[in-house]
Amino acid sequence: NPNEEKYHQYMKEYCPVQNVKKARYPSCLLTGGLHDPRVQYWEPSKFAATLRHTQSNESGPVCVKMDMSAGHFSASDRYKYLKELAFD
């Protein structure tokens, strides 16, 4: 229950956005899906914005790819799946 302080702090410990520090980060590709029931579309976008704002000048680029038609398990159609696989 995040309303209890002990569990709230525990959840913050593994939250990627809360743990971004001024540092040199490698190049990142963050992906998400508009219809993902597990990870909402704004979460990779928020993480990318936090990385871009906080990272040092020597860090690699932070890119976001948002699939506007798929969810958590990506594409269900075979050809779209292969296209996604080739992109990754």
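**Core, rings and cysteines in a predicted model**

Q: Which residues make up the largest nonpolar core?
A: The model is predicted. In soluble globular proteins, nonpolar side chains tend to be buried together. Here the largest nonpolar core has 7 residues: Val20, Tyr25, Cys28, Leu30, Ala48, Leu51 and Val62.

Q: Which elements each supply at least two residues of this core?
A: Leu30 and Leu51 are among the core residues. The elements that each supply at least two residues are strand 1 (28-33) and helix 2.

Q: Is Cys15 buried, partly exposed or exposed?
A: Buried means under 20% relative accessible area, and exposed means over 50%. Cys15 has 24% relative accessibility, so Cys15 counts as partly exposed.

Q: How many aromatic pairs are there?
A: Ring centres must lie within 6.5 Å to pair, and planes over 60 degrees apart count as edge-to-face. The rings of Tyr10 and Tyr14 have centres 5.6 Å apart and planes at 70 degrees, so they form an edge-to-face pair. The rings of Tyr41 and Trp42, with centres 5.3 Å apart and planes at 80 degrees, are also edge-to-face. The count of aromatic pairs is 2.

Q: What is the relative accessible area of Tyr14?
A: Tyr14 is in an edge-to-face pair with Tyr10. Tyr14 is exposed, and its relative accessible area is 53%.

Q: Are Tyr41 and Trp42 buried, partly exposed or exposed?
A: Tyr41 has a relative accessibility of 38%, which makes it partly exposed. Trp42 is at 45%, so Trp42 also counts as partly exposed.

Q: The charged end of Lys65 sits over which ring?
A: The charged end of Lys65 is 5.0 Å from the centre of this ring. The ring belongs to Phe87.

Q: Is Ser56 buried or exposed?
A: Ser56 lies in the loop between helix 2 (42-54) and strand 2 (62-67). Leaving aside neighbours within four places in sequence, Ser56 is in contact with Lys22, Ala23 and Arg24. Its relative accessibility is 13%, so Ser56 counts as buried.

Q: How far apart in space are Ser69 and Gly32, C-alpha to C-alpha?
A: Ser69 is in the loop between strand 2 and helix 3. Apart from neighbours within four places in sequence, Ser69 contacts His35 and Lys80. Ser69 and Gly32 are 37 residues apart in sequence, and their C-alpha distance is 10 Å.

Q: How far apart in space are Met11 and Leu82, C-alpha to C-alpha?
A: Met11 lies in helix 1 (residues 5-13). Met11 is partly exposed, with a relative accessible area of 36%. Met11 and Leu82 are 71 residues apart in sequence, and their C-alpha distance is 35 Å.

Q: Which element has the lowest mean pLDDT?
A: The mean pLDDT of the protein is 86, and 92% of its residues reach 70 or more. Helix 2 has the highest mean among the elements, 94. The lowest mean, 78, is that of helix 3 (residues 78-87).

Conventions: Residues are numbered from 1 along each chain as its sequence is written. Side-chain values use heavy atoms; hydrogens and water are left out. Rings of Phe, Tyr and Trp (its six-membered ring) pair if their centres lie within 6.5 Å; planes under 30 degrees apart count as stacked, over 60 as edge-to-face and the rest as tilted. Buried means under 20% relative accessible area, exposed over 50%, partly exposed in between (1.4 Å probe, protein chains only). A charge sits over a ring if NZ of Lys or CZ of Arg is within 6 Å of the ring centre and within 35 degrees of the ring normal. Helices (H or I, at least four residues) and strands (E, at least two) are DSSP runs, numbered from the N terminus. Contact means heavy atoms within 4.5 Å. A nonpolar core is a set of buried Ala, Val, Leu, Ile, Met, Phe, Trp, Tyr and Cys residues joined through side-chain atoms within 4.5 Å. pLDDT is the predictor's confidence in each residue, from 0 to 100.
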